[in-house]
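Dear colleague,

I am passing on the structure we spoke about, with the sequence alongside. Please have a look at it first; my notes on what was found follow below.

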Protein chains: 2
Amino acid sequence: MPEKLKEYTEIINQYIAAIDLKRNPSELYMPVQYCLGEGGKRVRPLMALLACNMFDGEIDNILSPAVGMEIFHNFTLMHDDIMDEAPLRRGKPSVFKKWNSNTAILSGDVMFAMAIEQIGKTPVRYLKPVLDLFNKTVIEVCEGQQFDMNFEILDKVTEESYINMIRLKTAVLPAACLKAGAIVAGASEKEAQLIYDFGENVGIAFQIKDDWLDIFGDEETFGKKSGGDIIANKKTWLYIKAFEMANESQLRDLRNAFTNRIFNPDEKISMVKNVYLQLKLDRLALEKMEDFNKKAFGYLDKISVAEKKKKLLRELAQNLIERKI
Amino acid sequence: MPEKLKEYTEIINQYIAAIDLKRNPSELYMPVQYCLGEGGKRVRPLMALLACNMFDGEIDNILSPAVGMEIFHNFTLMHDDIMDEAPLRRGKPSVFKKWNSNTAILSGDVMFAMAIEQIGKTPVRYLKPVLDLFNKTVIEVCEGQQFDMNFEILDKVTEESYINMIRLKTAVLPAACLKAGAIVAGASEKEAQLIYDFGENVGIAFQIKDDWLDIFGDEETFGKKSGGDIIANKKTWLYIKAFEMANESQLRDLRNAFTNRIFNPDEKISMVKNVYLQLKLDRLALEKMEDFNKKAFGYLDKISVAEKKKKLLRELAQNLIERKI
């Protein structure tokens, strides 16, 4: 991460480290500490700080809502891991694996409460718009998770509904962080909306890249085992487009693989990957990502602040999409 | 319920009925509708409205935060039922039984979000104090639930820590509802605190009565099967005091019963109930309840508004403790 971005991340980490989590009952707060403590890249609060800075706001005004959004994000991870039965999170056992499901439910709930507590510390003249934005966003994130769960049992998912799902599940939160930064910096509603739209499109691009990396990424660089989405029959952008574009014989291969008639995981991955490559989905996915990326930067371009003010945000978004962060 | 209280409940029910829950994804909102729809006595929002009224506030100013508190309460029930594996709620299958645990987690989360959404509709000049009160309260409620879960595996629980647990888990939410009513009516901090203290003590009295009813209540009147707490080895006020006061032979009976060396449920209940009666715990529990009750009304007495203004709140609290509601 570039030096300047690191400085902002440090400010966020210091703020988070100062939150008292050595509280009673320790059974409730230890998992919170475990989850919030380290390993998070703090991308969302970083976006909030950078947006605030871009509009010449005071960093002190955005710190608590930014951290509130980060705590909320970590809460969603804690609950999602229960629902997805995910054993690992950031290379460590997930809370529900390390403790149990009840602990992950209740410690998650208290994190949600702690998130609102931080939102509540927004300077009072910005409290109402920031709280409204937060509320709209958390409801959308829940809706996104539900759509994602629905997709598991749906036969057919359209590209449009997939994009809408990742928008809700992944993209609206960073978008809201950016907008919160704009709000507390006193930006106009129009400018605040532009930075929101920028974030939403960066978020969608990021998720499509994430789908791409799972199968075409370098396992050593990205730490995840390649093909996890295929093993889990996850309806990613690649999956959806493959079924849409496949010819008879490719369809047969996809169906054989995804209905688990192929039992060997490596064989399953290679069978699906082959079809993806035949359909040039590796290239098409990156083009799709680039579309959203361009759209995102189009919104950023429209914001009337000096170009040098946008530099860090551009850098962060570029790093995110190139997954250097 | 007295006529006038019914009118207020009707206002609350109408407000709740007007919340749009026919939203997508329906898998997320149907359990919310199921849980919020009917059967709730709306005691907490009723308290908020009555307190607001007592301090000559506008009912319109308290409706949304009052309903926010009610939605939050229902959220806690949805998550608690997962943790406690409770199959029934208000005589119907609990959400996690009717659907599944993941549904109850996520629909619960969106209810929490909807609760804050309603809090966010508090008139802006009261938003900050009401939100701060809400945040403090929801964190305490989570702590109370954790203490309750801790008690399950603790050998010894003191009366003091039990009272603190029910204060957090049960009493602070009605107290906060009352205080929110006072805040939006523009009451002084001192008066708002008095009504909070009233509510907290009513809440504790109510819970001790609840413990009492489980074993000494009339099954037909109260709908619950007598002795459920005994079957579940729940560390209620009666349980804790019994172990504190029992002689050698009574201790032996309690230990035999609670370590499940007695397998027949009716035999287990009658064995424990016998010890409770020998120790006069049926009477002592009601006295304890009465202590908190008196303390509660002491706070109410100190509030300097005309006695007739307090009438409905007195009526509600009395009904609650006598469990006519």
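Leaving aside its neighbours within four places in sequence, which residues is Ile195(A) in contact with? Please keep in mind, here and throughout, that this is a predicted model. Beyond those neighbours, Ile195(A) is in contact with Ala51(A), Met54(A) and Phe55(A), with Leu178(A), Lys179(A) and Ala182(A), and with Leu300(A), Ile303(A) and Leu313(A).

Ile195(A) also belongs to the largest nonpolar core, which holds 244 residues, and the members that touch the most others there are Ile195(A), Tyr276(A), Ile195(B) and Tyr276(B). The element that gives the most to this core is helix 8 of chain A, residues 159-184, with 16 residues. As general background, nonpolar side chains in soluble globular proteins tend to be buried together.

Gln207(A) lies in helix 9 of chain A, which covers residues 189-216, and it counts as buried because its relative accessibility is 15%, where the cut-off for buried is under 20%. Apart from its neighbours within four places in sequence, Gln207(A) is in contact with Tyr162(A), Ile166(A) and Thr170(A).

Turning to the chain as a whole, the secondary structure of chain A comes to 16 helices and two strands. Its radius of gyration is 20 Å, close to the 20 Å that the globule rule gives for 325 residues, so chain A is as compact as a globular protein of that length. The C-alpha trace of chain A spans about 60 × 50 × 35 Å along its principal axes, and 59% of the 325 residues in the chain are buried. Of the contacts in chain A between residues at least 6 apart in sequence, 73% join residues at least 24 apart. The accessible surface of chain A is about 13900 Å², and carbon and sulfur atoms account for 50% of that surface.

Helix 7 of chain A, residues 124-153, has 30 residues and reaches 45 Å from its first C-alpha to its last, close to the 44 Å expected at 1.5 Å a residue. Since 22 of those 30 residues are buried, helix 7 of chain A is largely enclosed by the rest of the structure.

The same surface serves both copies, as 100% of the contact residues of chain B recur in chain A.

With best wishes

How values were computed
Residues numbered from 1 in each chain as written. Chains lettered and ligands numbered in written order. Predicted model: local features only at pLDDT ≥ 70, side-chain atom pairs only at ≥ 80, totals over all residues. Heavy atoms only, no water. Core = buried A, V, L, I, M, F, W, Y, C linked by side-chain atoms within 4.5 Å. Buried < 20%, exposed > 50% of the residue type's maximum accessible area, 1.4 Å probe, protein only. Helix = DSSP H or I, 4+ residues; strand = E, 2+ residues; numbered from the N terminus. Contact = heavy atoms within 4.5 Å. Rg over C-alpha atoms; globule rule 2.2 N^0.38 Å. Areas by Shrake-Rupley, 256 points an atom, 1.4 Å probe, with all protein chains shown as cover. Expected span 1.5 Å × (residues − 1).
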